Amino acid sequence: MDLLTPEFGLFFWTLLAFLIVLFILGKVAWKPILSSLDEREKGIADSIATAERVRNEMSQLQAENEKLLVQAREERSQMLKEAKDTRDRIVNEAKDMAKAEANKIIVDAQHQIQQQKMTALTEVKNEIGNLAVEVAGKILRTQLNAADGQEAYMKMLSEDIKLN
Amino acid sequence: MSYKRLVSLLVLTFGLFGASFFAAAQGEGNKSNTPNEPATAAEAKPVKEEHKLDVAKVIFGHIADAHEWHLFSIKHEGGEDTHVSIPLPVIVYHPTNGFSMFSSSNFGEAHKNAAGLEVTESYKGYHIEKGMMKEHIIADDGAKIYDLSITKNITSMIISVVILLWVMLSVGKKYSKNGAMKAPSGFQNFLEVVVIFIRDEVAKPCLGSKYKTYLPLLLTVFFFIWINNLLGLLPGGANFTGNIAVTACLAILSFIVMMAKSRKHFWSHLLNPPGVPGWMKPMLVLIEVASLFIKPMALMIRLFANIMAGHIVILALISIVFIFAAINTTVGAGFVPVSLAFTIFMFFLELLVGAIQAFIFANLTAVFIGQAIEEPHDAHHEHEHNIDIVM
C-alpha cells in the first residue's frame with residue numbers, strides 16, 4: 001500500500017509546476033497557436049469563397065466578352081457594308097456628274113460650233129456677195145470697154161468662181 | 001526483408017555483447033566473493049546478502065521516487081559497492097525547526113539497522129528510511145515533517161517542463177512572427193496536427209460551443225503527461241507519471257475545474273434524476289454521488305497504473321535474464337535475445353501507451369467537464385453518450 005500513498009512533496013511540486021506551465025503556455029503558446037489556427041482556417045475558407053466568386057465573375061465576364069465580340073463583329077461587317085455602299089454611291093454620283101458635265105461641254109461645243117459655222121457662213125455669204133458685186137462691177141466695167149473681151153472675162157470670172 | 005534482417009542482426013549483436021559482458025561480471029563476482037568469505041566471515045555475510053538477486057527490490061527501486069538520481073553501481077573486490085548517483089537537494093519543513101535545505105549526498109549509503117530497516121546516517125536531525133517500495137525522510141525526533149525535496153521525479157518533471165516550455169514557446173513565437181496565413185514549417189507541422197487533433201476530436205465533441213475556454217487546460221494536460229511519459233521511457237528515466245501523487249494532482253485539478261464550472265442542470269440531474277420511480281431515487285442518488293468522486297479516482301488510477309505497469313513489465317523482462325543467469329550463466333546468456341526482443345516490443349508498446357494515456361486523460365477530463373457544464377437541451381442523449389466513453 002506504500003505505493004498508493006501520494007507523497008506530499010511530489011504532489012506540491014507537480015501542482016505548482018503544472019499551474020505555472022498552464023499559465024505560461026496559455027499566455028505565450030496556446031493563445032497565438034489557437035488564434036492563428038482559427039485565423040488560418042477562416043482565411044482558407046474565405047479564400048475558397050473568394051476563389052469561387054472570382055471564378056463565377058470570370059465566367060460571367062467571359063460570356064460578356066463573347067457577347068461583345070459578336071456584337072463588334074456584327075458592327076464591323078455593318079460598317080464595312082455601309083462604307084462599300086457609300087463608296088459606290090459616291091463613285092456613281094461622280095460618274096453621273098462627270099457625264100452631265102461632259103454632255104454640257106459637248107452641247108456647248110456643238111452650240112459654239114454651230115454659231116461659228118453660222119458666223120463663217122454669214123461671212124462667206126457676205127464675201128460671196130461682195131465678190132458677186134465686185135464681179136458684177138468688173139463685168140459692167142468690162143462690158144463698157146469691149147463686148148468680146150467682156151465674154152472672155154466673164155468666162156475667166158466664172159472659172160474663178162468655180163475654183164472658189 | 002532487409003529491415004527484418006537488420007533487426008535480427010541487432011538482436012544477435014546486443015545479445016552476444018550482453019552475454020559476454022554478463023558472463024565476465026558474473027565470473028568476477030564469483031571470484032571476488034569466494035576467497036574473502038572464510039577470512040572475514042562477519043563482514044562478508046551481509047555483503048553476500050546484498051549481492052543476492054532481489055528482483056522486486058530492483059524493480060521497486062527503479063519505479064519509486066528517490067532523493068538522489070541513481071545512475072549505476074560498480075562492484076568492488078571488497079564487496080562494498082560504489083553507487084554512482086547525482087545528489088539532489090533535500091528540502092524539509094520541520095514544525096519547530098523550520099525549513100532546512102541540503103544535498104542528499106550528506107545522507108550517505110543506507111545500511112540495515114538493528115530493527116532490520118534500511119536507514120541512512122542522520123544529518124541535521126533527519127535520516128532516510130528505505131521501505132519495501134518507497135523511501136521517506138524521517139526526523140530523528142519523530143516529529144511530523146513535510147518533505148518538499150527536489151526528488152528524482154521532480155527533477156525529471158523540471159526537465160520535461162523546460163523542454164515543453166522551450167518547444168511550445170518557440171513554436172508559439174513562430175506563429176506570432178509568421179502570422180496566420182504562412183504555411184507551418186518544421187516542428188510546427190507536427191505540433192499543429194496534435195493541437196488540431198485535441199481541438200477537433202477531444203474539445204469540440206465533448207464541450208460543444210464552450211470548448212475554447214477549456215482548450216488550454218486540455219492541451220497542457222495532454223502535452224504535460226505525454227512528454228513526461230516519454231521522458232520516463234528513457235534509460236535511467238524517472239517514473240513520474242507512474243506515481244500516484246502526480247496523477248492524483250492532475251485528477252484533482254480536473255475535478256476542481258469540473259466542480260467550479262458545474263451548472264444547475266448537472267446538479268439537478270444528479271440529485272433528482274428525472275424519469276425514475278420515487279423509491280429508487282435514494283439509491284440512484286447515492287450511486288450518482290459516488291460516481292462524482294469515482295470519476296477523478298478513475299483518472300488518477302488509470303494513468304498511474306498504466307505507466308507503472310509498463311515500467312514494471314520492461315524491468316521484469318530485463319530481469320528475466322538475471323533470474324535465469326542466477327540459475328545458470330549459459331541459460332541466462334541464451335535468454336538475452338528473447339528478453340531483448342520482448343523489451344524492444346514493450347518499449348514500442350509503451351511509446352504508444354504514453355501517447356494514448358495522455359490522450360485518454362485529456363479526453364476524459366473534457367468529457368467530465370462537458371457533463372458538468374452541459375445545457376438542459378438534449379441532455380439525456382449526451383449523458384448516455386458520455387457514459388459509453390467512460391466505460
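Which residues of the largest nonpolar core touch the most other members? Of its 66 residues, these are Ala203(B), Leu218(B), Val221(B), Phe222(B), Phe361(B), Ala362(B) and Ala366(B). A nonpolar core is here a set of buried Ala, Val, Leu, Ile, Met, Phe, Trp, Tyr and Cys residues joined through C-beta atoms within 7 Å. A residue is buried if 20 or more other C-beta atoms lie within 10 Å of its own, exposed if 12 or fewer, and partly exposed in between, with C-beta atoms placed from the backbone.

The model is predicted: local features need pLDDT of at least 70, side-chain atom pairs count only at pLDDT 80 or more, and totals for chains, interfaces and linings use all residues. Residues are numbered from 1 along each chain as its sequence is written, while chains are lettered from A and ligands numbered from 1 in the order in which they are written.

Helices (H or I, at least four residues) and strands (E, at least two) are DSSP runs, numbered from the N terminus. The largest share of this core, 12 residues, is supplied by α6(B). Because domain 1 (53–147) and domain 2 (152–390) of chain B both give residues to this core, it lies between them; the domain bounds come from an automatic or database domain assignment.

Leaving aside neighbours within four places in sequence, Phe361(B) is in contact (C-beta atoms, placed from the backbone, within 7 Å) with Val221(B), Ile225(B), Leu250(B), Leu299(B) and Leu303(B). Leu250(B) is one of the buried residues of α7(B), which also include Ile244(B), Phe255(B) and Met258(B). Helix α7(B) runs through residues 244–261 and reaches 25 Å from its first C-alpha to its last, close to the 26 Å expected (1.5 Å times one less than its number of residues).

Chain B as a whole has 11 helices and 9 strands, and buried residues make up 30% of its 391 residues. Three of the strands form an open antiparallel sheet in the order β4-β3-β9, where two strands pair if DSSP finds at least two bridges between them. Its edge strands, β4 (98–103) and β9 (146–147), each pair on one side only. Strand β3 (residues 89–94) of chain B pairs with β9(B) over 2 bridges, and Val92(B) stands opposite Asp147(B).

The contact between the chains takes 31 residues from chain A and 40 residues from chain B.

Methods:
Two residues are in contact if their C-beta atoms, placed from the backbone, lie within 7 Å.
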